[in-house]
Amino acid sequence: MSETENNDLTAGKQSKEPRSNQKLKLLYLAKILLNNTDANHDITLDEILNKLHAYDVTAARKSLYDDIAQLNDFGIKTQKTQYGRTVHYKVIGRAFELAELKLLVDSVAAAKFITEEKSNELIKKLESLTSRQEAATLQRQVYVAGRVKTMNSDIMKNVDAIHNAIANNSSLSFQYCRWNTKKELEVKHDGARYHVSPWGLLWNDGNYYLIGYDHDTQVKDIHHYRVDKMKNILIENKVREGREKLKKLDIASYGKSKFGMYNGEEIKAEILCKNSAIGVLIDRFGTDVTILKKDEAHSRVFVKVADNKLFIHWIMAMGDNFKIIGPENLVKEVHDELNRLAKQYELAD
């Protein structure tokens, strides 16, 4: 390197002084207002000036009036209040109200398909959508530790792959897991891959399910799979199948008929119900159930449900409020199950 080049380089280094954040003034002002104010908390102009100074930004009081007006025009709505000679500002319009954020936080905390680590990460991001004061109220209501949570850290990647496959009209393949006695998820069928056409995602009882058309089973049909138990998902270069079967399926209603998301042939069950307990059936199956008057105290209720023992036991758990009275083959299943239970729990002499 020549002496001239060396001198130029040295001069360049010496001329570099600490950069000012003056060009970021409006962004820092927005950050200060959003982080420190809400409908119940405000900030004075002097406090704004001090916080800007901490970001290495200088500002004249008069210039802040124009800056705040620009933020209002941009969509960050603020309210100005004057107490004596002191001016206060607070943000009064946000994308989410506090009650909405609480709802989202509760949903993330309750979702079984999201790991504890990812739940805490998402909740932290939701807290950033409100002021520090309101974020503190969100933190006090969150209880993630100790809840039943998935151990699969690939859940977000799995959901993304499923959405991409649906958008591209492509089928998927994956390995499917189950719990073993060591409390570990192990692949089923010696790691053989499942080949499925994805058609939708369903959130049921805190878990996330893929609703898809199974290519491999002998009776090709619609099945569901826990997303957090799926592993090594691949998007296949193959167009989805099962469109005709999906046309006959209401995915939104699919979960209502599947108790515990266990499979079974869908039937129309007839239940004799005390009128005082009718709300339990409506809460479980929705308002599209058919209700016919039996007498002043009872009604006949018709619901679409998967024929499995979990449904039978759910009815039994309701005591004398409910009684399955049809169809005949379902009533026989109830009798058979009662006999089985009687033998299983028969007291020794």
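**A loop residue and beyond**

Mentor: Asn 275 is found in the loop between β10 (266-274) and α11 (278-285). Keep in mind that this is a predicted model. Buried means under 20% relative accessible area, and exposed means over 50%. Asn 275 has a relative accessibility of 31%, so it counts as partly exposed.

Now look at its contacts. Leave out residues up to four places away in sequence, and Asn 275 touches Asp 295, Glu 296, Ala 297, His 298 and Ser 299. Lys 293 gives a distance to check. Asn 275 and Lys 293 lie 18 residues apart along the chain. Their C-alpha atoms are separated by 9.2 Å.

The chain has 349 residues, and buried residues make up 38% of them. Its secondary structure comes to 13 helices and 13 strands. Take the contacts with a separation of 6 or more. Of these, 63% join residues 24 or more positions apart.

Next, a residue in a strand. Ser 170 belongs to strand β4 (residues 170-179). Its relative accessible area is 12%, so Ser 170 is buried. What does Ser 170 touch, not counting residues up to four places away in sequence? The list is Ala 165, Pro 198, Ile 235, Glu 236, Lys 238 and Arg 240.

Stay with strands for a moment. Four of the five residues in strand β8 (residues 222-226) are buried, so the strand is mostly covered. Strand β7 (residues 207-214) is joined to β8 by five bridges, and the two run antiparallel.

Now go to an open sheet. Three strands form it, in the order β1-β3-β2, with antiparallel pairing. β1 (43-44) and β2 (78-83) are the edge strands, and each pairs on one side only. Strand β3 (residues 86-91) runs antiparallel to β2, with six bridges joining them. Lys 80 stands opposite Tyr 89 in β3.

Finish with a helix pair. Two packed helices are described by the angle between their axes and the distance between the axes. Helix α5 (residues 98-110) and helix α6 (residues 116-127) pack at an angle of about 170°. Their axes are 9 Å apart. An angle over 145 degrees counts as roughly antiparallel, and α5 and α6 are therefore roughly antiparallel to each other. From α5 come Leu 101, Leu 104, Val 105, Val 108 and Ala 109. They meet Ser 119, Leu 122, Ile 123 and Leu 126 in α6. The residues of this contact divide into eight nonpolar, one polar and no charged.

How values were computed:
Residues are numbered from 1 along each chain as its sequence is written. This is a predicted model: local features need pLDDT of at least 70, side-chain atom pairs count only at pLDDT 80 or more; totals for chains, interfaces and linings use all residues. Side-chain values use heavy atoms; hydrogens and water are left out. Axes are lines fitted to C-alpha atoms, for helices over the stretch in contact, and angles run from 0 to 180 degrees between N-to-C directions. Angles under 35 degrees count as roughly parallel, over 145 as roughly antiparallel, 65 to 115 as roughly perpendicular and the rest as oblique. Contact means heavy atoms within 4.5 Å. Ala, Val, Leu, Ile, Met, Phe, Trp, Tyr, Cys and Pro count as nonpolar, Asp, Glu, Lys and Arg as charged, and the others, Gly among them, as polar. Two strands pair if DSSP finds at least two bridges between them. Buried means under 20% relative accessible area, exposed over 50%, partly exposed in between (1.4 Å probe, protein chains only).
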